[in-house]
Amino acid sequence: MSRTLIRGGLVITAAEEIHADVLIDSEQVVALAATGSTVAEGWTADTVIDAMGKYVIPGGVDAHTHMELPFGGTAASDTFETGSRAAAWGGTTTIVDFAVQSVGESLRSGLDTWHAKAEGNCAVDYAFHMIMSDVTESSLKEMDLLVEEGVTSFKLFMAYPGVFYSDDGKILRAMQRGAANGGLIMMHAENGIAIDVLVEQALAAGRTDPRYHGEVRRELLEAEATHRAIKLAEVAGSPLYVVHVSAASALAELAQSRDRGLNVFGETCPQYLFLSTDNLAEPDFEGAKYVCSTPLRPKEHQAELWKGLRTNDLQVVSTDHCPFCFSGQKELGRGDFSKIPNGLPGVENRMDLLHQAVVDGHISRRRWIEIACATPARMFGLYPRKGTIAPGADADIVIYDPNATQVISTETHHMNVDYSAYEGKQVTGKSETVLSRGTVIIEQDRYLGRAGHGQYQTRETCQYLI
Ligand code: URP
Ligand code: ZN
Ligand code: ZN
């Protein structure tokens, strides 16, 4: 069994920051001891990594990705192989992707399809949530089986009528089932029925540019759906996790309910923290690069989202990584914004953008690790195997250089997509060395990993309830 020793770095977890050496045996962390202490000095290892002047942080846990997702007549351009490799480059060592149940299909069949896509292809560890598009007596029963086997969260959609959409009755039934079996309901909270009316009216009036995608997906309709989802969860007595929160008024709904002691949680994404409707309005159809749902909002929302992250009214930052190339994919919507496939790339950028938020003073270093590593792991039943550095945890560790500077660009990124949503943005901080279960997979700008190193992770139920 090989032993690895990480010496001299500042170990940062959600709970503490200490100058410590980290001892790894095979795939797991076995001990931490203060740097320079007699205990640490006595350790020997096959490989010693010098982390002096660097941060030693848990590998990122990105709880919202869509590799190879079929959407809008095309499919997300990252495969599990390319997308998970890009995750590794960006310091993320676990992804939780969304398996899809199509209408008329069983959950089992959808899940099997996603296992087949991912198995043997991932550079980092992976798990699945289940998208429920068809809430029926039999799929409700299947929820119980999935929870037992470690797929413990289910995404439902109040948006996309005719595709993923569930009405309130179906949502309530799924929530009741989740309350009984421990499955966490994740909600895409936008009033899709009303949005479709506004889409039709906008197109009929000749408003076809990408920016109208943002205008018809009104903030009010995100807030209304968030409110309704919370009330349905309260009726069902189930916890609720609202994905990709972009609007300040939707966040206010979550905050008010949390103040009442409800187990409602919210996730936001880097695109809502760093981008805005200004991007959607970029000329020459460039705005299509920023079409996602929920949509980007006016800049003023960003301060509220940062505040929500500081006050823990938002608990998680995931990417909702769902890349489509500009050429040939986003272009499907020239002349009709409703045909632009929804989604942005970002799995490689999340840890660095959030470190930039530390540099900019929005969040503390520990909060960075909490929202990007520890809480997503807790929320989705992977903690403490993932999301922290502690004896017994998987040795998913990033040696992070807080002083390195980099310019985010499609020229240098590893995601399989022909543009970057953050093109030209300079950030301070970079993953220098990345270990996944004790194996070095990134070292000094070289990829040393392999497709198939990443293993499927079964999950416990939510470990974050009040
Ligand atoms: O625009 C987005 N978010 N695309 C991915 C699907 C979803 O709703 O998460
Ligand atoms: Zn969604
Ligand atoms: Zn998504």
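This is a predicted model: local features need pLDDT of at least 70, side-chain atom pairs count only at pLDDT 80 or more; totals for chains, interfaces and linings use all residues.
Local features need pLDDT of at least 70 and side-chain atom pairs count only at pLDDT 80 or more, while totals for chains, interfaces and linings use all residues; side-chain values use heavy atoms, without hydrogens and water. Residues are numbered from 1 along each chain as its sequence is written, with chains lettered from A and ligands numbered from 1 in the order in which they are written.

**View 1. Protein donors of the zinc ion (ligand 3).** His 64 (NE2), His 66 (NE2) and Asp 320 (OD) lie 1.9 to 2.2 Å from the zinc ion (ligand 3). Donors are N, O and S atoms within 2.8 Å of the metal (3.2 Å for Na, K and Ca); water is not among the atoms, so sites may look incomplete. Along the sequence the donor residues read H-x1-H-x253-D. The four donor atoms subtend angles of 87 to 136°, so the arrangement is irregular. Four donors count as tetrahedral if all angles lie between 85 and 135 degrees; four count as square planar and six as octahedral if opposite donors are over 155 degrees apart and all others between 65 and 115; anything else is irregular. His 64 is buried at 0% relative accessible area, and His 66 is buried at 4% (buried means under 20%, exposed over 50%, partly exposed in between; 1.4 Å probe, protein chains only).

**View 2. Protein donors of the zinc ion (ligand 2).** Lys 155 (NZ), His 188 (ND1) and His 244 (NE2) lie 2.1 to 2.2 Å from the zinc ion (ligand 2). Their spacing along the chain is K-x32-H-x55-H. The zinc ion (ligand 3) is 4.0 Å away from the zinc ion (ligand 2).

**View 3. Surroundings of ligand 1.** Ligand 1 is surrounded by 13 residues (a heavy atom within 4 Å); the closest are Lys 155, His 188, Ser 293, Asp 320 and Asn 342. A polar side-chain atom of His 188 lies 3.0 Å from a ligand 1 oxygen atom. A backbone N or O atom of Ser 293 lies 2.7 Å from a ligand 1 nitrogen atom.

How values were computed
A polar contact is a pair of N or O atoms within 3.5 Å; within protein, one must be able to donate a hydrogen and the other to accept it, and residues adjacent in sequence count only if both atoms are side-chain atoms.
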